Amino acid sequence: MSEGKIVGIDLGTTNSVIAVVSGGVPEIIHNSEGGRTTPSVVSYVAGADGEVLVGEPARRAMVTNPEKTFAHVKREMGTDWRAHVEGRDLTPQEIAARILMKLKRDAEEYLGHPVSRAVITVPAYFNDAQRTATKEAGEIAGFSVERIVNEPTAAALSYGFEKSEEETIAVFDFGGGTFDITILEVSEGLFEVVSTNGDTHLGGKDIDDLVADWLNDSFVRDHNVDLREDKAAWARILEASEKAKMELSTTNKADIALPYLAQGEDNKPLHLQKSLNKAQFEKIADSVLDRLVVPCKEAIKDANLDKKDIDKVILVGGSTRIPRVREIVERLFGQAPQKTVNPDEVVAEGAAIQGGILSNDLDRDIVLVDVTPLTLGIETMGGIRTVMIKRNSSIPTEHTEMFSTAANNQPQVDVHVLQGERDMAVDNTTLGKFSLMGIPPAPRGMPQIEVSFKIDANGILNVSAADKKTGKKQEIKITATTSLSKEEVEKKKAEAEAHAEEDKKRRESAETHNNLDSTIYQVEKVLSENEEKVPEDAKSAVNDALAKAKEALEGDDPKEKKKALENLTEESMKIGQAIYEAEASESAEADDGSVPEGDEIIEGEDTEVPDPDPPVKGDEEG
């Protein structure tokens with residue numbers, strides 16, 4: 001094997017897996033403990049600069065040293081969350097990098113040569129900050145990260161690797177911390193994502209937490225002791241809850257026994273002994289599992305398909321082993337899911353296949369066409385979110401649009417980059433902000449500011465703004481320093497639907513305000529430049545309309561603004577007609593009415609007030 005091989009890594013919330021293409025097929029790499037999966041747990045047992053445990057030893061340290069042991073860090077990627085260990089703040093990237101370092105060492109030991117290149121997977125619903133943070137974690141670990149691939153796409157790549165028939169497949173990816181549903185069109189050599197949906201804060205851990213709460217509530221009733229206040233005891237409760245969940249995937253009852261869990265009065269040891277049956281478990285878990293339904297329905301809708309159009313459903317992630325989950329899948333898609341793939345390993349295998357393609361270890365013509373999961377845009381005048389790239393657009397992709405200034409002699413424009421489905425900027429997630437400065441003095445609406453959005457093959461966004469006149473340019477790469485709201489993305493989408501009518505009214509109100517403001521400016525400009533051509537009666541009428549428009553603009557009544565806009569537009573058309581007639585009369589007096597050679601009379605063309613679009617929004621070139 002050459003040093004140029006690229007490994008594939010599924011960096012999971014609960015467990016991580018590494019694979020490589022060997023002999024033309026993906027192969028799971030065993031860790032140093034002999035396992036095929038590695039717990040995504042890191043324990044700084046001897047302080048920040050001392051020994052660091054990763055994997056199974058770290059998971060055992062969750063009970064003995066919970067203060068310095070960290071799990072489920074994937075959920076914090078791309079946020080400003082920090083772990084505090086003996087005076088040092090650790091970022092999610094640094095902790096995730098420890099997991100990747102172990103995978104790298106294990107791979108090098110397994111393969112017998114250095115490993116420096118990797119393809120790393122992320123949930124399809126990860127935003128730009130989370131993707132960049134994952135890439136940074138790989139780089140900290142010593143990898144050259146060749147590609148960031150969406151987990152469901154990697155799973156589909158593994159599933160369809162040696163298949164030639166055309167199929168529409170749904171990849172249902174329910175892991176320890178995240179949930180994705182992705183619909184793909186798969187044919188020989190082509191893997192095209194049609195739609196994706198999901199929730200980056202929905203996974204098996206949420207069920208573990210609910211079971212732990214159920215056990216703790218029972219313990220409080222029996223002993224009047226809250227185990228949440230003891231981190232070591234709570235770690236044991238969480239561990240037992242996860243084991244019970246797993247056990248109930250194959251049996252109808254799980255017995256939970258935790259001796260010496262706490263101390264009661266007179267230092268008497270307290271034990272927890274509890275049985276959890278399948279019906280009780282499903283009742284506890286239903287509030288989490290119910291949240292799987294809406295993303296699936298939306299993904300099918302966004303793909304313009306019916307559930308009968310889905311040929312196969314592939315399950316990914318350990319949480320899909322829960323029988324209730326499989327029942328939900330069968331009900332949603334009208335068919336039993338496939339059982340031909342290992343839900344724990346299929347993502348890493350797909351990442352390894354992608355690595356094999358990039359390193360030319362696989363002689364296959366394979367094309368991956370992925371999508372961006374959420375709508376991207378910028379804030380424009382009036383707090384409106386102007387869409388640049390719609391959700392479920394194929395990537396890589398880019399879009400350029402012209403904008404302008406909203407005030408005379410405006411020296412800079414502020415570019416506020418947004419992600420989300422709401423009409424108003426304030427209701428979406430901020431990905432980043434930057435300013436383009438040094439714009440030469442000019443009337444509002446005249447400068448041409450070219451804003452470009454570019455999403456690369458990793459799904460990472462770059463935004464730039466350039467002044468067409470001066471050539472000055474400013475750009476931003478959306479990085480993990482911009483944090484995603486703690487609210488689940490799915491909740492954001494549900495809010496968008498619930499507030500759709502309200503958002504529409506707010507947007508219409510803001511647009512009316514912008515149009516009125518722009519029309520006032522444009523009418524005043526036309527009037528001042530053509531004052532001698534406008535009769536006094538028309539001038540008086542338009543000035544009256546201008547006064548009413550300015551009064552309405554200062555107020556908060558959308559209806560008054562709309563009425564004032566309609567009135568001003570009507571009066572401005574009259575002055576436009578007057579200007580046209582005056583110019584026609586001057587032209588008739590200046591010549592005998594013949595048409596000079598090389599000119600044409602264009603029938604029906606007249607002088608109009610400029611288009612009253614929101615002033616910051618310009619026209620696209622071309």
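Author: Let us begin with a definition: a polar contact is a pair of N or O atoms within 3.5 Å, where within protein one must be able to donate a hydrogen and the other to accept it. The model shown here is predicted.

Reader: What makes the pair Arg 324 and Asp 286 a polar contact?

Author: The side chains of Arg 324 and Asp 286 are joined at 3.0 Å, and the cut-off is 3.5 Å. The pair is therefore called a polar contact. Arg 324 has its place in helix H9, residues 323-333. Leaving aside residues up to four places away in sequence, Arg 324 touches Glu 282, Asp 286 and Leu 289.

Reader: Why is Asp 199 called buried?

Author: Buried means under 20% relative accessible area. Asp 199 has 2% relative accessibility, so Asp 199 counts as buried. This residue belongs to strand S14, residues 190-199. The side chain of Asp 199 also makes a polar contact of 3.1 Å with that of Arg 291.

Reader: How do you know that Thr 121 is buried?

Author: The relative accessible area of Thr 121 is 1%, and the limit is under 20%, so the term buried applies. Thr 121 lies in strand S10, residues 117-122. Not counting residues up to four places away in sequence, Thr 121 touches Ile 9, Asp 10, Leu 11, Val 149, Glu 151, Ala 154, Val 347 and Ala 351. Thr 121 and Arg 147 are 26 residues apart in sequence, with 8.3 Å from C-alpha to C-alpha.

Reader: Why is Asn 304 called exposed?

Author: Exposed means over 50% relative accessible area. Asn 304 has 71% relative accessibility, and therefore counts as exposed. Asn 304 is found in the loop between helix H8 (293-302) and strand S17 (312-316). Its phi is near 55°, a positive value in a residue other than glycine.

Reader: What makes Asn 360 exposed?

Author: Asn 360 has a relative accessible area of 66%, and the limit is over 50%, so Asn 360 is exposed. The loop that holds Asn 360 runs between helix H10 (346-358) and strand S18 (367-372). Phi of Asn 360 is near 65°, again a positive value in a residue other than glycine.

Reader: What makes S6 and S7 the edges of their sheet?

Author: Three strands form an open sheet in the order S6-S5-S7, with antiparallel pairing. S6 (53-54) and S7 (69-71) each have a single partner strand, so one side of each is left without a neighbour in the sheet. S5 (residues 41-43) and S6 pair over two bridges, and Val 42 has Val 54 in S6 as its bridge partner.

Reader: How do you know that the span of helix H5 is close to the expected one?

Author: The expected span is 1.5 Å times one less than the number of residues. H5 (residues 204-223) has 20 residues and reaches 28 Å from its first C-alpha to its last, close to the 28 Å expected. Its buried residues include Ile 207, Val 211 and Leu 215. The cover over the buried residues of H5 includes strand S12 (167-174), helix H6 (231-247) and helix H7 (278-289). Just after H5, Asn 224 takes a positive phi of about 60°.

Terms used
Residues numbered from 1 in each chain as written. Predicted model: local features only at pLDDT ≥ 70, side-chain atom pairs only at ≥ 80, totals over all residues. Heavy atoms only, no water. Helix = DSSP H or I, 4+ residues; strand = E, 2+ residues; numbered from the N terminus. Buried < 20%, exposed > 50% of the residue type's maximum accessible area, 1.4 Å probe, protein only. Contact = heavy atoms within 4.5 Å. Pairing = 2+ DSSP bridges.
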